[in-house]
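The following explanation is intended to be read alongside the sequence and the coordinates.

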Amino acid sequence: MASGWTPSNLSELELADGEAYHRALYHDGSAEHPTSWHGNSVAHLIDLAVPHIHDGALVVDYGTGTGGSAIELLKVLDARGISINLILIDPLVSWFYKAREILGERHNIHFELSITEDENGNMRFRTMQEMLGEQKVDVIISASTLHLVPEKALPDLGTQFASSLKPDGIFVWNSGDIQSSLCPADAALLHDPYRMVRAHLRDDTLRMTRMEEMGDDEASSFERRVDRIFPIPYSIEIILDAFDSAGMNSQLSSHVVEFTSEDAERFILVPRLAAIAAPLHEGDERDSAVKDAIRAVLVKMRAEGTANEVAYRSHWVYGFHKLA
Ligand SMILES: C[S@@+](CC[C@H](N)C(=O)[O-])C[C@H]1O[C@@H](n2cnc3c(N)ncnc32)[C@H](O)[C@@H]1O
C-alpha cells in the first residue's frame, strides 16, 4: 500500500476531470494502452532516466498528474526487475487522486500534495525540502510540467532540485510547450492548437453574451485566469539559465511526436482544459463550441504545414541535468 496524501471529499466534477485526463492519455482508460502521443513523448524521457536508476533508488516524479509518467516509468522498471522508492508530487487534487487510484496499491510509492494554505489562507507551493525532509534523490523526472511553472518561479525550483539530488543524481524533464530553435518548421508546440482554440472562441458570439453577464472587473480577471490554462510558452534559455544558476550542467535533445486529431479533441475536452471556452456553460454548450473550434484549428494547421490529415506534429524538448 502506498503512503502519504490520500484524496478526500472530491466532488463529482473533480472526479470526472481526473478520469477525463487519464482517458486523454490512455485509450479506454486502460493503463495498458497509452495513446501514441503520450507513449512516444514519455518514452524518450524514460530512456534518458532509466540508465541512472538502480535497484533501491529514490526517484521523484515532479508533476505526476493522473500518473501518466509514473505508470510508464514503472512498466519499464518492472520489466527489468528494478525496484525503486518513488515519490509522486502534484498540486492538483482532481488529477492526483487518479494517480492514487491507479498506483495506490503498490508498495514503495509515496504521494505528496505540493500545495498548502499559508497562515493568511492563501495557497502556496510546498518546497522540495518540505516534502522530502532529509532524503536525497537519485533521479527527478518531470514530464510535461515545467512549462506550467511560472517563469519567475523557475530559478528557485532549480535550486530546490539541485539541493534535493545526491551528488551523482540527475534531473530529466520533457516539455512539448517550450520555444526553441530546435523546433522544425513543420511542427508546432504541443499547446499551439489549444491556444488557437482560445483565440478562435475569444470573440464567439455566445461566449461574448455570457461575458456580458459579468461586471467589467470580473470579466477582465476572468479572461486572465482563462489565459493561464495554456500560458504563452517561454524560451528554452529561461530554463537553461535557471538550472545553470542552480549549479547544474545541461544537455538537450528533442523529438517530434504526432498527436492524432481524435486525441487532440479528447485532450481539449478534459473539463479543466475545456475551460478555455468559459464562461460558455459546462456540458454541451461548451463542448460543442470546443469541438467545432479544434476541428477548424486543425484544418488551419494542415494548411500551414504543421499537421497532416490524421495528426498534428508536436515538438518536444528533453533536458538532462547533473550537478556541475
Ligand atoms: C500535463 S500534466 C503532466 C502529468 C504527468 N507527468 C504526465 O506525464 O502525464 C502537468 C502537471 O503539472 C502540474 N502543475 C501545474 N502547474 C504546476 C506548477 N506550477 N508546479 C508544479 N506542478 C504543476 C499539474 O497539476 C499537472 O498534473
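This is a predicted model: local features need pLDDT of at least 70, side-chain atom pairs count only at pLDDT 80 or more; totals for chains, interfaces and linings use all residues.

The buried residues of α13 are Arg286, Ala289, Val290, Ala293, Ile294, Val297, Leu298 and Met301. Viewed down the axis of α13, these buried residues fall within an arc of 165°, and they therefore line one face of the helix. Asp284, Ser288, Val299 and Ala303 are exposed and sit on the face of α13 turned away from that buried side.

After α13 comes glycine 305, which has a positive phi, near 90°.

**The packing of α7 against α13**

Two packed helices are described by the angle between their axes and the distance between the axes. For α7 and α13, the angle is about 120° and the axes are 9 Å apart. Their crossing is right-handed. On the side of α7, the contact involves Pro193, Met196, Val197, His200 and Leu201. These residues meet Ala289, Val290, Ala293, Ile294, Ala296, Val297, Leu298 and Met301 of α13. By residue class, the contact of α7 with α13 consists of 12 nonpolar residues, 1 polar residue and no charged ones.

**Backbone details in the loops**

Most residues other than glycine have a negative phi, and most peptide bonds are trans. Against this background, several loop positions deserve attention.

The peptide bond that leads from alanine 278 to proline 279 is cis, its omega being near 5°. Proline 279 belongs to the loop between α12 and α13.

Asparagine 9, a residue other than glycine, has a positive phi, near 55°. The loop that holds asparagine 9 runs between β1 (3-4) and α1 (12-25). Asparagine 9 counts as exposed because 6 C-beta neighbours lie inside 10 Å, the cut-off for exposure being 12 or fewer.

Serine 144 likewise is not a glycine, and its phi is positive at about 55°. Serine 144 is located in the loop between β7 (137-143) and α6 (154-164). Is serine 144 buried or exposed? It has 22 C-beta neighbours inside 10 Å and so counts as buried, since 20 or more are required.

Methods:
Residues are numbered from 1 along each chain as its sequence is written. Helices (H or I, at least four residues) and strands (E, at least two) are DSSP runs, numbered from the N terminus. The arc is that of the directions from the helix axis to the C-beta atoms. Axes are lines fitted to C-alpha atoms, for helices over the stretch in contact, and angles run from 0 to 180 degrees between N-to-C directions. A crossing is left-handed if the near helix is turned anticlockwise from the far one by less than a right angle, and right-handed if clockwise. Two residues are in contact if their C-beta atoms, placed from the backbone, lie within 7 Å. Ala, Val, Leu, Ile, Met, Phe, Trp, Tyr, Cys and Pro count as nonpolar, Asp, Glu, Lys and Arg as charged, and the others, Gly among them, as polar.
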